[in-house]
Amino acid sequence: MTGFERDLLDLLPRLRRFARSLTLDAADADDLCQLALERALKAENQWAKGTRLDSWMYRIIRNCWIDELRSRRRRGETVAIDVDGFDLPDAGDRQMEARAELNNVDRAMSALPPEQREVIALVLVEGLAYREAAELLDLPMGTVTSRLVRGRQALMELLGEQA
């Protein structure tokens with residue numbers, strides 16, 4: 001295994017989380033990650049060493065998802081929404097509460113417009129700086145900031161929290 005492949009493997013949990021935030025479906029997220037990893041491995045020579053591999057991979061995942069949505073539109077399919085949440089063990093009250101909270105957050109994220117959900121996932125979940133998210137999405141910083149503010153407000157309303 002090369003260093004590049006090891007670095008991709010280390011990123012896999014974060015890539016799956018970002019893919020899940022885009023697709024809203026665990027199976028679609030896994031398919032999207034697989035497709036993005038295949039593209040990354042074929043295009044390894046296009047990644048500039050010394051730059052952030054995670055940002056490069058997020059861009060690949062996003063582009064793959066855009067391609068998939070266009071393909072589905074052409075085929076007349078709709079995007080399936082998985083509201084069952086994440087797979088957590090069903091033992092104990094704390095785990096059940098955590099699962100319920102995850103389901104609430106998952107449903108709230110699913111209710112956001114895709115452009116807000118994407119920015120929330122990159123900045124609040126994955127920890128990218130606003131500038132990094134703006135570069136990755138090819139958007140002005142002001143657009144990223146406004147989408148983040150609107151998305152955060154919508155999440156707080158949906159989750160019943162005070163702004």
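**Entry 1**

I began with Leu15. Not counting residues up to four places away in sequence, Leu15 touches Leu8, Cys33, Leu37, Met57, Tyr58 and Ile61. I note here that the model is a predicted one.

I then looked up the largest nonpolar core, which has 39 residues. Leu15 is among those with the most contacts inside this core, along with Leu53, Trp56, Met57, Ile61 and Leu122. Next I asked which helices supply the core. Helix 1 (3-23), helix 2 (26-42), helix 3, helix 4 (93-111), helix 5, helix 6 and helix 7 each give at least two residues. Helix 3 gives the most, with eight residues.

**Entry 2: aromatic pairs**

I searched the whole structure for aromatic pairs and found three. In one of them, Phe4 and Trp47, the ring centres are 5.8 Å apart and the planes stand at 45 degrees, so I wrote the pair down as tilted. Phe4 sits in helix 1 and Trp47 in the loop between helix 2 and helix 3, 43 residues apart, and the pair links these distant parts of the chain. I checked burial: Phe4 and Trp47 are both buried.

Phe4 also pairs with Trp56. Here the ring centres are 6.2 Å apart and the planes are at 65 degrees; over 60 counts as edge-to-face, so this pair gets that label. Trp56 belongs to helix 3 and Phe4 to helix 1, so the pair ties together parts 52 residues apart in sequence. Trp56 is buried, as is Phe4. I recorded Phe4, Trp47 and Trp56 as a cluster linked by ring pairs.

**Entry 3: Val123 and helix 5**

Is Val123 buried or exposed? Its relative accessibility is 9%, and the cut-off for buried is under 20%, so Val123 counts as buried. Val123 lies in helix 5.

Leaving aside neighbours within four places in sequence, I found Val123 in contact with Leu128, Tyr130, Ala133 and Leu148. Just after helix 5, Gly127 has a positive phi of about 80 degrees.

**Entry 4: helix 6**

Helix 6 covers residues 130-137. I found Glu132, Ala133, Ala134, Leu136 and Leu137 buried in this helix. What covers these buried residues? Helix 3 (53-75), helix 5 (114-125) and helix 7 (141-158) are included in the cover. After helix 6 comes Asp138, with a positive phi near 55 degrees.

Terms used:
Residues are numbered from 1 along each chain as its sequence is written. This is a predicted model: local features need pLDDT of at least 70, side-chain atom pairs count only at pLDDT 80 or more; totals for chains, interfaces and linings use all residues. Side-chain values use heavy atoms; hydrogens and water are left out. Buried means under 20% relative accessible area, exposed over 50%, partly exposed in between (1.4 Å probe, protein chains only). Helices (H or I, at least four residues) and strands (E, at least two) are DSSP runs, numbered from the N terminus. Contact means heavy atoms within 4.5 Å. A nonpolar core is a set of buried Ala, Val, Leu, Ile, Met, Phe, Trp, Tyr and Cys residues joined through side-chain atoms within 4.5 Å. Rings of Phe, Tyr and Trp (its six-membered ring) pair if their centres lie within 6.5 Å; planes under 30 degrees apart count as stacked, over 60 as edge-to-face and the rest as tilted.
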